[in-house]
Every structure is written in structure tokens, then in C-alpha cells.
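Dear colleague,

Please find below the structure that I am handing over to you. A summary of the findings follows it.

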Amino acid sequence: MPLIEARDLTREYSHGRMTVPALRGVDLDVEAGEFTAIAGPSGSGKTTLLNLIGCLDRPTRGRLVIDGDDVAGYKPSELAGLRREKIGFVFQTYNLVPVLTAYENVELPLVLLGRQTHSEIKDRVMSMLSEVGLAGLENRRPMDLSGGQQQRVAIARALVKQPRLVLADEPTANLDSENSEAILALMKTMNETRGATFLFSSHDPLVIGYAGRLVQMRDGQIALDERR
Amino acid sequence: MLRFYLGFTAKNIWRRKRRTILTAAAIAIGIMYFVMFDSLLAGADRDAQINTIDFETGHLWVGASQEGDATLARPTLEDTIPSGQAVAQAIAELPGVAGAAPRLVFPASLIAGLDELPVSAAGVDPEVDPQVFRISQFVSSGRWLERGEDGVVLGKRIADLLQLEPGDMVTVRTQTAQMAFQAVDLIVVGTVETPHPLVNQSQAFMPLDVAQAAVGAPGSATSIHVRAQSAAPSPSRRDLSGLPYPCSLPRTPAGAYTPGTTLRHSLLSDQPSEFSPWSSSGSWSSSQSSAWSIRFSYLHWNECARSGCSRPWAWMKAISQSSS
């Protein structure tokens with residue numbers, strides 16, 4: 001069974017009397033462990049698709065199953081639980097909590113899950129920071145880190161709770177090419193070593209080059225879906 | 001989880017010191033302005049109330065109403081207490097009363113040369129009036145009145161507008177109780193400048209006997225103003241609001257009076273919740289006298305209540321009985 005199963009996924013936005021279709025009946029299956037890039041020009045529906053799969057938005061119609069859960073009838077609290085348990089997010093602008101240190105930012109999802117002791121959390125966080133190459137920088141706050149380092153913290157934060165799925169919306173858009181490549185390499189390594197499923201959007205050829213599967217969007221529909 | 005939220009809050013406060021300081025300063029300034037303006041308003045409110053007591057009404061106001069109309073309308077020559085001075089003297093002898101001043105208030109015009117100004121003329125007993133009002137303490141030029149003299153004390157603003165000084169002559173033109181025109185010449189003996197602008201801008205005081213003769217109403221008064229014996233004649237807002245609803249006030253007091261007594265005002269009905277320092281103005285009329293009735297306006301009931309909860313009520317009863 002695929003990790004993500006989308007059928008006739010449609011999202012329309014209303015502006016007064018006008019209805020703008022952002023996503024038009026998308027069918028998509030993503031298997032566990034895949035490293036998938038969603039590419040396409042601006043306005044093609046990449047971010048809308050990621051928001052729906054990340055349970056941050058609800059489809060106008062269609063069916064969406066995440067890891068066996070049909071989320072169509074979920075209440076907001078149930079969607080929040082699903083996001084907390086199974087999905088990690090990496091954002092273009094990092095979205096780190098500015099008053100917390102790198103350690104505290106990575107610690108946050110585990111504290112919110114509330115399943116581990118303080119020492120277990122500490123071991124996990126330090127290990128995660130080490131994996132993303134931030135050992136020794138755990139006490140720095142986001143404003144004391146470079147863009148690349150901040151995105152590493154964001155990746156560590158997304159992965160520390162060992163989610164089934166990691167969604168990344170333009171993860172390298174704010175980084176230079178050197179840092180972009182490093183971040184992509186890190187994500188690929190995490191995909192291979194931890195088995196986490198990555199689904200990320202981009203229109204950067206460098207990013208797309210790393211993907212094991214490319215889903216090309218155009219005008220709210222999938223124009224191309226190829227595995228490499 | 002609570003520990004996490006507390007820690008997160010503390011970090012937000014301590015790790016963004018500049019924001020915290022700015023926010024705290026903004027809140028402090030806001031509270032400071034609130035306290036300052038609230039204090040100013042409370043002070044203005046208190047001053048207005050003190051002015052009303054000390055310069056306009058006293059604590060309790062007894063009026064007459066030929067038709068039994070128990071409203072707070074200004075007294076007129078049509079509604080005089082025929083034996084006003086005698087009633088005032090009887091009231092002054094009641095326990096807890098510091099003074100009872102009869103006044104004969106009537107509309108008049110002051111004429112000085114070619115200038116004419118409408119005023120509220122008040123005949124006052126020069127020796128009794130200071131027991132209730134503080135006007136005589138604010139003589140800015142000249143002196144206060146003496147009994148029997150053909151003199152007048154003017155509010156400072158009136159004197160300035162008419163360019164009058166002590167020693168000048170002024171003509172007071174009015175109508176008598178019988179609606180005949182009347183004019184008397186009086187010497188300006190003094191001017192008063194009080195904290196109450198109403199007195200300064202619109203009032204002219206003359207001896208009661210002179211006023212009674214001028215309007216053809218000997219011995220009468222349009223109102224009797226009563227001051228209670230109180231350690232603090234000028235109540236603070238806090239003092240007033242802290243007072244309980246008059247403890248001895250009967251909910252249905254009609255039965256306590258002789259047949260024919262009529263009582264009007266919400267305070268006397270079963271609505272004690274409406275009672276407050278500023279809404280306590282009201283009146284009570286007794287039709288025990290066939291010639292006229294008494295009207296009480298306890299605008300400052302609470303101040304009276306300071307010197308004994310039951311007194312204003314007892315006064316009304318006693319005044320009613322003494323006048324019948």
C-alpha cells in the first residue's frame with residue numbers, strides 16, 4: 001500500500017463570485033522511502049499539493065490517504081495529531097522559533113509528543129544535530145546561524161521524531177548553490193539511512209537532479225510523472 | 001506540558017529584553033495615563049458635587065409646591081413657603097441640623113446705566129445663609145450683606161460685565177408675586193468670586209427682608225436649604241459610594257405618615273438599587289397643609305446620611321409635622 005494515495009484531488013479557491021482552481025483532479029501514489037521532487041512553474045499547484053498532503057489544508061473534493069488514514073473526514077484536532085505523529089515539515093524560510101536555541105528548536109517536536117524522558121530526548125537531539133553537521137552549535141539561536149545552518153536545524157527538527165513522511169516546500173530557495181547542494185545531499189542521506197519518505201517541491205534543476213522521482217505539475221495537473 | 005509552556009514563556013521574555021522592556025514601558029505608560037485621567041475625572045466629579053452642596057443647594061432642600069408637584073424644578077414666586085423664615089427656624093432646631101437658610105429666589109434684570117443683564121436674584125438672610133453656604137467666604141471686593149440694608153452682592157462676572165464696583169448703584173427690575181413690575185435701587189456692597197461658576201456668572205444676593213418687600217411676599221421663602229452637622233462637609237466620591245443604602249429608610253413608608261401624605265420618587269418605592277450619589281436627587285411631598293405642601297430634594301442624601309442614617313428621613317417627617 002502506498003504511503004500517500006491521492007485520487008481526484010481538487011482544490012479550488014473562491015474570490016467573490018470567481019472560483020480559481022489550484023489543483024484539478026490530481027491522482028498520485030507515493031511509496032514509502034521514495035525521494036520525490038514536485039517541479040513546475042509558479043502557480044502550477046506545487047505548494048497547494050504539498051499543503052493538502054501535509055494536512056495543512058483540506059481538498060475541495062477527492063480522496064487522500066496518508067499511511068492508511070483517509071483524512072477526508074478528520075477533525076482539525078485529528079489532523080493536528082496526524083501531522084504531529086507522522087509528518088515532518090521543512091520550509092523555505094526555515095520557520096525556526098527565534099527565541100529558542102538550535103537544540104531547543106530540534107527538541108520541540110519531541111517535547112510536544114511527550115513520550116520520552118528528558119535524557120532520551122537529549123540523546124536523540126544531540127545525535128540528530130550531529131548527523132546534520134551542527135555538533136557544537138546547539139546553543140546558538142537562529143539569528144546566530146547562517147541560512148544553510150538554519151535549514152539544517154529545520155531538517156533535524158523535521159526528522160528527530162522519525163516521521164513516516166517529510167514534506168519540504170522549496171527547501172533550497174533561500175540558499176546559495178553550495179549550501180543548496182549540501183542540504184540536498186543531507187536530505188538524500190537521511191532518506192537512504194533513515195528510510196524517511198521525502199516529498200519536496202522546487203523548480204531548481206539542481207534539486208530536481210537529486211530526486212529519484214520527478215512529478216511535473218502544470219496548471220494544477222500532473223503533466224509528467226517519471227521514476228529514475 | 002505546563003512546564004514547557006512556562007519555560008517557553010520565560011525564554012520569550014528574557015531572550016528578547018528590548019521587546020520586553022518596550023512592552024512593559026508601553027503598558028506602564030498606558031496605566032499611568034489611565035490612573036491620571038481617572039483621578040482627574042474623579043476629582044472633577046468631587047469638586048462639582050462639593051460646589052453644588054456649598055454654593056447651590058446645601059444637603060437638603062425644602063421647597064413648596066401648591067399643586068403637590070414633587071419635581072426638582074427651580075422654585076418660583078408662584079410656589080413660596082408662606083412662613084418660610086419660621087419653618088427654617090423650626091428646621092434649624094432639629095437634631096443634626098447645622099443650619100437652615102431660607103431663600104427667596106426670583107428672576108431679575110440688573111440695570112447699570114445703559115447696560116442690562118438678566119440674573120437670578122436671591123434674597124438671603126445675611127447671618128443664617130453662611131451657616132449653610134460658603135458664598136460669604138469668597139467676597140473678592142467690598143463686604144458681605146447686612147440685614148435690612150438696601151445692598152446687593154454680585155457675582156464677580158456680573159460685576160465685571162456691568163463694570164460695577166462696591167459703592168455703585170444698580171437697579172434691580174423684577175416682577176412681584178402678583179405679577180406687577182417692580183424696580184428697586186440697591187448699592188453694590190461687595191462682589192463674590194467662588195469656585196462655582198454659576199454663582200459668579202448669574203447670581204445677585206440681597207437681604208431677605210429687602211427681597212421680600214421688593215416682590216411683595218413678606219415672611220416667605222421659595223426654598224429652605226439645610227446643612228447637616230458633619231465632620232466632613234465635603235464628601236469624597238469614595239465616602240459616598242461606600243455608604244450603605246439608608247438603613248432606616250422604610251421600603252413602603254407611606255403607612256408611617258398621617259393619611260393624605262403622598263410620597264413620590266423611586267427611592268421611596270421598592271427600587272433601592274437605583275440609589276446612588278448622583279441619582280439620589282428626588283423629592284417627597286406632603287399635603288398635610290391645606291395652603292401649601294412641602295417638597296424635599298435630598299440631592300445629597302448620602303452626605304446627610306454620614307451624620308446618621310435616619311436623619312434625613314426623620315427630618316422630613318419632623319419638618320412635615322412642624323409645618324402642618
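In chain A, helix α1 (residues 46-53) lies across β1 (4-15), β2 and β4, and runs at about 65° to β2(A). Helices (H or I, at least four residues) and strands (E, at least two) are DSSP runs numbered from the N terminus; contact means heavy atoms within 4.5 Å; axes are lines fitted to C-alpha atoms, for helices over the stretch in contact, with angles from 0 to 180 degrees between N-to-C directions.

The model is predicted: local features need pLDDT of at least 70 and side-chain atom pairs count only at pLDDT 80 or more, whereas totals for chains, interfaces and linings use all residues. Residues are numbered from 1 along each chain as its sequence is written, chains are lettered from A and ligands numbered from 1 in the order in which they are written, and side-chain values use heavy atoms, with hydrogens and water left out.

The four-stranded sheet

The strands β1, β2, β4 and β5 of chain A form an open antiparallel sheet in the order β2-β1-β4-β5 (two strands pair if DSSP finds at least two bridges between them). Because β2 (18-30) and β5 (69-70) of chain A stand at the edges with a single partner strand each, one side of each has no neighbour in the sheet. Strand β4 (residues 61-66) of chain A pairs with β5(A) in the antiparallel sense over two bridges, and A:I66 stands opposite A:D69.

The six-stranded sheet

A mixed open sheet of chain A has the order β6-β7-β8-β3-β9-β10. Its edges are β6 (87-90) and β10 (221-227), each with a single partner strand, so one side of each is left without a neighbour in the sheet. Neighbouring strands are turned by 15° against each other on average, direction ignored. Strands β7 (residues 165-169) and β8 (residues 197-201) of chain A pair in the parallel sense over five bridges, with A:D169 opposite A:S201. Helix α2 (residues 76-86) of chain A packs on this sheet, touching β6 and β7, at about 80° to β6(A).

The interface

Seven residues of chain B contact ten residues of chain A. The two chains bury about 800 Å² between them, 66% of it on carbon and sulfur atoms (buried area is the accessible area, 1.4 Å probe, that two parts lose on being put together, summed over both). In chain B, B:F4, B:F8 and B:R15 lose the most area to chain A, together 59% of what that side buries. There are two salt bridges between the chains (a side-chain nitrogen of Lys or Arg within 4 Å of a carboxyl oxygen of Asp or Glu). A:E104 forms a salt bridge with B:K11, the closest N and O atoms being 3.2 Å apart.

Kind regards
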